[in-house]
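Work through the exercises below with the sequence and the model side by side. Each task is followed by a solution in steps.

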Amino acid sequence: MQAFGRTSMESLKEKTAKGLFWGGMNNGVQQVIGLVFGIILGRLLSPEDYGMMAMISIFSLIATTLQNSGFTSALANLKSPCHADYNSVFWFNIIVGAAMYALLFCCAPLIADYYHTEKLIPLCRYAFLSIPIASLGTAQSAYLFKNLMAKQQAKAGMVAVICSSTVGAVMAFMGMAYWSLATQGLVFVSVTTAMQWRYSPWRPSFAIDFGPVRRMFRFSVKVLATSITTHINNNVLNILLGRYFSPHATGSYNQAYQWSSKCFYLVQGMVQQVAQPVLAGLNGQDGRQLGALRKLMRFTAFISFPLLFGLSLVAKEFITITITEKWLASAELLQILCVSGAVMPLHTVLGNTVLSKGRSDINFWCTCGLGVASIALMVCIWPLGIRTMVAAYAALNVVWVFVWLFFVRRLTGYGLVMFMRDVAPFALAAAGVMAATHLATAWIASLALLLTARVAMAAALYYAVMRLARVHIMKECEQFLSSKILNRKQ
């Protein structure tokens, strides 16, 4: 019995490590490619072009979430989902996806009227084609997610981002403005869906039964509502800036948000692929589950804080050098967003912990509370200007980590003291390193030299601090990477 327990634990540990590795590989490649093509598109396109897409992105996100309906998480929580479960979700998603596109097609004039921009009507009808396309891959994606097939998910994501970014850049070079961004999104969804079909062995059948969907609905509807609220919260400034300000102002903010999100999505994507399946698999083993949660929190903090604080440190130099001074207004907003971006992956881990306990109701109400608070706060302070809105938005997201923690403590016993021991050392170390780097390099006049010096010095200092402190999570990461290199050589 003890031997079986050790084998099971080692197997789970290996699966988690591989999931984090391939999740990191996937998101790392996507963000690097996104970085390169983001620079190209930033130079070719205007803030107005980005503003046009930013204003309608929320509608596409909500429609896609409605079509998915939270069934990926619902299937992940089933012990052994069968063909009928996946098949039911597959056909349900196709029906809802088609209905969502038809609804948004008819609502395009209303969206354009809300933003006082007539050109949004054809753009909406074109960009929203991604919804029915994505509906074809939801069940396949759920299969890969449930079975921790992170390597296959990584390959699908990497191929999709390369193809879509290339198409977007070529169209932007040809002068097709915001249409290049819309097409980029369509190509990404199409290629991702095709690759998911390639890697997933599951195939649908015409024996359609919506009984499994009805049984999963009680859980999935709360995940659905949570996801919609999350999208609204993430895009609340795009929604309000597009109405109260100009497409130019919306584009400037969206550019800043895109760069900060590239960093925190890198970390989020790594933990998202393993957190819920791993923690759900440890239900009933409270000690091991708490240990796995603490390790995930330490790993997340170890990566997230230096990455986002580092981007904040070099924001002005990076923006000016890469996408020119026309985006300089975005640099100041980026510095603020990086503060909240550093804690967004922590939201993800804590939220997945709640889901792993089957408490989609708590996940919903916690996320809904953040969304309502964000909207109410932004509506009240928008006359104070964009910078104040962004600062308030960032502060609220930092504070909300402790709201998540309150509920996680009740479910798992993971309290404030444990949280501070796991997270605070990395946050303080990263902040101290960035402050020291800023002071030591402030005299450098050349922007290119300043950017290079700050990146190199901050990375070296953070690594040195972690080595001196003998941080166990870094040692484990190094050991895992070394084993992967050795296995490849052999």
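**Exercise 1.** Which side chain does a polar contact of 3.0 Å join to the side chain of D422?

Solution. The model is predicted, so local features need pLDDT of at least 70 and side-chain atom pairs count only at pLDDT 80 or more, while totals for chains, interfaces and linings use all residues. Residues are numbered from 1 along each chain as its sequence is written, and side-chain values use heavy atoms, with hydrogens and water left out.

Step 1. The partner is R294, whose side chain is joined to that of D422 by a polar contact of 3.0 Å. A polar contact is a pair of N or O atoms within 3.5 Å; within protein, one must be able to donate a hydrogen and the other to accept it, and residues adjacent in sequence count only if both atoms are side-chain atoms.

Step 2. A polar contact of 3.2 Å runs from the side chain of D422 to the side chain of R298.

Step 3. Leaving aside residues up to four places away in sequence, D422 touches R294, R298, A301 and Y414; contact means heavy atoms within 4.5 Å.

**Exercise 2.** How many salt bridges does a search of the whole structure find? Describe some of them.

Solution. Step 1. The search finds five. A salt bridge is a side-chain nitrogen of Lys or Arg within 4 Å of a carboxyl oxygen of Asp or Glu.

Step 1. One of them pairs D422 with R298, with the closest N and O atoms 3.2 Å apart. This pair links distant parts of the chain, 124 residues apart: D422 is in helix α19 and R298 is in helix α13 (residues 286-313). R298 has 26% relative accessibility and therefore counts as partly exposed.

Step 2. E317 and R454 also meet through their side chains in a salt bridge (3.5 Å, N to O). Here too distant parts of the chain are linked, with E317 in helix α14 (residues 315-323) and R454 in helix α20 (residues 447-468), 137 residues apart. Both E317 and R454 are buried.

Step 3. A salt bridge of 2.9 Å, N to O, joins the side chains of D361 and R359. D361, at 23% relative accessibility, counts as partly exposed, and R359, at 32%, counts as partly exposed. Elsewhere, salt bridges that share partners join R294, R298 and D422 into one network.

**Exercise 3.** Which helix gives the most to the nonpolar patch?

Solution. Step 1. The patch on the surface consists of V32, L35, V36, I40, L44, V170, F173, M174 and M176, with about 810 Å² of accessible area together. Patches are made of residues with over 30% relative accessible area and no salt bridge: like charges are joined within 9 Å, nonpolar side chains (Val, Leu, Ile, Met, Phe, Trp, Tyr) within 5 Å. Accessible areas come from the Shrake-Rupley method with a 1.4 Å probe; for residues, only the protein chains shown count as cover.

Step 1. At least two patch residues come from each of α1 (2-44) and α8 (150-173). Helix α1 gives the most, with five residues.

Step 2. L44 belongs to α1 and is partly exposed, with a relative accessible area of 37%.

Technical notes
Helices (H or I, at least four residues) and strands (E, at least two) are DSSP runs, numbered from the N terminus. Buried means under 20% relative accessible area, exposed over 50%, partly exposed in between (1.4 Å probe, protein chains only).
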